[in-house]
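The sequence and structure are shown first, and the description follows.

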Amino acid sequence: MISIDPGAQSERDNYKLLIGSIIPRPIAFVTTKSQDGVLNGAPFSYFNIVSSNPPMISLSIQRSGGELKDTARNIRDLQEFVVHIVDEQNVRQVNETAAKLPPDHSEIEIAGLTPIESTKVSVPGVAEAKIRMECVLEQALELGGTDSDGCDFIIGRIVQFHIQEDLYENGRIDARRLAAVSRLAGNHYARIGDIFTIERPQ
């Protein structure tokens, strides 16, 4: 087995080890609104559940050159955002939103996504997602030392779920119909694939 000290190699080398090892990763497509009213959209695979009571999710948004990305800045400013689950039908459009654009350009327009009004937050979602979650900012943490770019760790509390009708039955989501995709390393993604069951011990 190879042993590697992360402190003895570059950030990029550590990044490659992380994204190649921690797979598959769910993808959040996040919409936010700037103070000038521009609707921003970006995908993030450093994304997961924090709690079910209350329902909360987390996003880790890496900084570039020590600067906040538009998504993190907008969340901090407005304290609202919408998280969408990326699936096989919308992944190509979502991928288009990963392009680096000036803050006054909307990735939603460029990707041809359809804004849809939210119920409890002022930030619109997009109609192409089968699941979207309206969130308010619970907490924002700045992580990483002064010798690194660091990241903005965002915890959002879900205040409204929107779920496509044919996915939802008896309070559960049909994973096959959702057809969520996950992020691997490089330009690679994965489908759900085979599903198997193991009974949990009592």
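Does Arg63 count as buried or exposed? With a relative accessibility of 15%, Arg63 counts as buried, where buried means under 20% relative accessible area, exposed over 50% and partly exposed in between, for a 1.4 Å probe and protein chains only.

The model is predicted, so local features need pLDDT of at least 70 and side-chain atom pairs count only at pLDDT 80 or more, while totals for chains, interfaces and linings use all residues. Residues are numbered from 1 along each chain as its sequence is written, and side-chain values use heavy atoms, with hydrogens and water left out.

**Salt bridges**

A salt bridge is taken as a side-chain nitrogen of Lys or Arg within 4 Å of a carboxyl oxygen of Asp or Glu. By this rule the model has 9 salt bridges.

| Pair | Closest N to O distance |
|---|---|
| Arg63 and Glu142 | 3.8 Å |
| Asp70 and Arg73 | 3.1 Å |

The salt bridge of Glu142 with Arg63 has its closest N and O atoms 3.8 Å apart. Because Glu142 lies in strand β9 (residues 131-143) and Arg63 in the loop between β5 (55-62) and α2 (70-78), this pair ties together parts that are 79 residues apart in sequence. Helices (H or I, at least four residues) and strands (E, at least two) are DSSP runs, numbered from the N terminus. Glu142 itself is exposed, at 56% relative accessibility.

Arg76 is partly exposed, its relative accessible area being 26%. Through shared partners, salt bridges join Arg63, Arg76, Glu142 and Asp152 into one network.

The pair Asp70 and Arg73 lies within helix α2, where the two residues are 3 apart, about one turn of the helix. Asp70 is buried at 17% relative accessibility, whereas Arg73 is partly exposed at 31%.

**Pockets**

Volume is the space filled by probe spheres set on the points, which are joined across faces, edges and corners.

The largest pocket has a volume of about 1600 Å³. Its lining comprises 49 residues, and Tyr15, Phe44, Gln62, Arg63 and Lys69 lie nearest its centre. Helix α1 gives the most to this lining, with 6 residues.

The second largest pocket has a volume of about 780 Å³. Of its 27 lining residues, Pro26, Ile49, Ile85, Ile131 and Leu178 are the closest to the centre. Strand β4 supplies the largest share of the lining of the second largest pocket, 5 residues.

How values were computed. On a 1 Å grid over the protein atoms alone, a cavity is a set of points where a 1.4 Å probe fits but cannot get out, and a pocket is an open set with protein on both sides within 12 Å along at least five of seven lines; lining residues have an atom within 4 Å of a point.
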